[in-house]
Amino acid sequence: MLRREARSVAGTETVGPYTLLRVERGGLEPGAPGQFFMLEAPGRLLPRPMSLCLAPCNELAFLIDPIGPGTRALCGLPAGERIGILGPLGTGYRLDVERPLLVGGGIGVAPIPYLSEQLGAPPAVLGFRTAWHAEAAALVPNAEIVLEPTYVTEAMPAGLDVLACGPEPMLEAVRRLAPQAQLAWEAPMACGYGACYGCVVEVAGELKRLCVEGPVLATA
């Protein structure tokens, strides 16, 4: 039975406009690539869902874009601060693919480093708005980087097993090119385990609770 636990912040690192938040692992398991954790900063009412980015020894690391009060609070935590953490949650990527190609867009790059590690550093295509944002690509080996106005779909080789994460328009474009792709979708989440129905999205004409049936969904 999963329960929210308190863990200490090991430190933070700046990666372009993003922050890599490192948390002491304790007895928490990293789970499968694409799964997520609910992180609760002190004094904040609601936790925030974060994909696991890296799982170094005795730590869990999360790449966070500080775009609102909750994420800014997480990015500003000092080493030693205690935070609430629940996970791993949701459904991750299937790793039984023969010729993987990792595709990420913007902060959708967050789960790609851990996924890459688990798959043995396959090729990746990562898209960003600016070179500053693209500093996050340093976390992913064997990555080709494209910057706007070039799209990741313009750089994707054909015939590979695509595992992707990014904004919805990017995922829809990837799905059109690779109907069998595994796509990690994004949505606001309040609970992380299916109770609140706040993360329901329509994918391929079906309603999905991303915290339970996703975030990773096969497109076909």
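A residue is called buried if its relative accessible area is under 20%, exposed if over 50%, and partly exposed in between (1.4 Å probe, protein chains only). By this rule, buried residues make up 53% of the 220 residues in the chain. The structure is a predicted model, in which local features need pLDDT of at least 70, side-chain atom pairs count only at pLDDT 80 or more, and totals for chains, interfaces and linings use all residues. Residues are numbered from 1 along each chain as its sequence is written, and side-chain values use heavy atoms, without hydrogens and water.

The chain has four helices and 14 strands. These elements are DSSP runs, numbered from the N terminus: helices are H or I with at least four residues, strands are E with at least two. The C-alpha trace spans about 45 × 35 × 30 Å along its principal axes. The radius of gyration, taken over C-alpha atoms, is compared with a globule rule of 2.2 Å times the number of residues to the power 0.38. For 220 residues a compact globule would have a value near 17 Å, so the 16 Å of the chain agrees. Contact means heavy atoms within 4.5 Å. Of the contacts with a separation of 6 or more, 59% join residues 24 or more positions apart.

Strand β6 (residues 82-89) is mostly covered, with seven of its eight residues buried. Two strands pair if DSSP finds at least two bridges between them. Strand β1 (residues 5-15) pairs with β6 in the antiparallel sense over four bridges. Here S8 has R82 as its bridge partner in β6. Strand β3 (residues 36-40) also pairs with β6 in the antiparallel sense, over four bridges. In this case F36 is partnered by L89 of β6.

The loop between β6 and β7 (100-105) holds L95. L95 counts as partly exposed because its relative accessibility is 33%. Beyond its neighbours within four places in sequence, L95 is in contact with P33, L115, Q118 and L119.

A pocket is an open set of points on a 1 Å grid over the protein atoms alone, where a 1.4 Å probe fits, with protein on both sides within 12 Å along at least five of seven lines; lining residues have an atom within 4 Å of a point. The second largest pocket is lined by 20 residues, of which G105, G106, G127, E148 and P167 lie nearest its centre. Two or more lining residues come from each of β8 (124-128), α3 (152-155) and α4 (168-177). Helix α4 gives the most, with three residues.
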